[in-house]
Amino acid sequence: MPVYRDEGVVLRTTPLAEADRIITVLTRRTGRVRAVAKGVRRTSSRFGSRLEPGTYVDLLLHEGRALDTVTQADIIAPYGTTIAIDYARHTAAAVMLETAERLTSEERQPALRLFLLLVGGLRTLAAGERPPPLVLDAFVLRALAVSGYGMALDDCARCGEPGEHLSLSVAGGGMVCARCRPHGAASVSAGAVALLTDLLRGEWDGALRSDLRARREAGGIVAAYLQWHLERGLRALPHLERA
């Protein structure tokens, strides 16, 4: 069977038989891959601890018909281990990993931009220098954008009229003007819109100056927008800690 090497982030692990695991990995070149890691649940396993969720690894795999097989795993960066010591960072990372998996609906479809966003987001969480909820919201907004679900923030999502719009239509794709506002659209504060814009653009100076109210409002908007486009809720989201 063909052998290939790729680097990736472990998104999820699932027990298999008595000692094995199925690992789901978002890789740099191949996209989302599922592979069997044999014997990793044994205490004597050579690389069991290297295949935990959130770990950035270099992998050697045998390609299989249904599942590939991991034959070698080397840690590039143990983001998951570092993040796990803090509950707020841990829950934010869990949402990020699940989001990345759900946005890659097909296996073996390269998603380089999403992969790079995930690595960058985990690196930022591990550094612990920025509030985890803001790191998460920035990742989700950008991940949705590169996946074709970008939220309109500057122009009306329906007619394209520029300006500061303060009505949100999740189903409509983002902020809408007064003329296009549909029934059921939500009113949004200017502070929350500014924060969402800063997070999407990576303007951290502005994002860090935001107040708690704007952060909570923006976080709720991001969660609602994400779940709308994924068409069902995230398992990790109810556990998320927001200050």
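Buried, in what follows, means under 20% relative accessible area, with exposed being over 50% and partly exposed in between, using a 1.4 Å probe and protein chains only. Hello everyone, and thanks for coming.

What you see above is a predicted model, where local features need pLDDT of at least 70, side-chain atom pairs count only at pLDDT 80 or more, and totals for chains, interfaces and linings use all residues. Residues are numbered from 1 along each chain as its sequence is written, and side-chain values use heavy atoms, with hydrogens and water left out.

Let's start with the overall fold. The protein chain has seven helices and eight strands; these are DSSP runs numbered from the N terminus, helices being H or I of at least four residues and strands E of at least two. Its radius of gyration is 19 Å, close to the 18 Å that the globule rule gives for 243 residues, so the chain is as compact as a globular protein of that length. That radius is taken over C-alpha atoms, and the rule is 2.2 Å times the number of residues to the power 0.38. The C-alpha atoms fill a box of roughly 60 × 35 × 25 Å along the principal axes. Of the 243 residues, 48% are buried.

Now to the aromatic rings. Rings of Phe, Tyr and Trp (its six-membered ring) pair if their centres lie within 6.5 Å; planes under 30 degrees apart count as stacked, over 60 as edge-to-face and the rest as tilted. By that rule, there are two aromatic pairs. Y56 and Y79 have ring centres 6.4 Å apart and planes at 15°, so this pair is stacked. It links distant parts of the chain, as Y56 sits in strand β4 (residues 56-62) and Y79 in helix α1 (residues 79-83), 23 residues apart. Are these two tyrosines buried or exposed? Both Y56 and Y79 are buried.

The other pair, Y56 with F115, is edge-to-face, at 6.0 Å centre to centre and 65° between the planes. Here strand β4 is linked to helix α3 (residues 112-127), where F115 lies, 59 residues from Y56. F115 is buried as well. Together, Y56, Y79 and F115 form one aromatic cluster.

One more residue before I stop: D68, in strand β5 (residues 68-77). D68 is buried, with a relative accessible area of 2%. What does D68 touch, leaving aside its neighbours within four places in sequence? Its contacts (heavy atoms within 4.5 Å) include Y4, R34, H62, E63 and R108.
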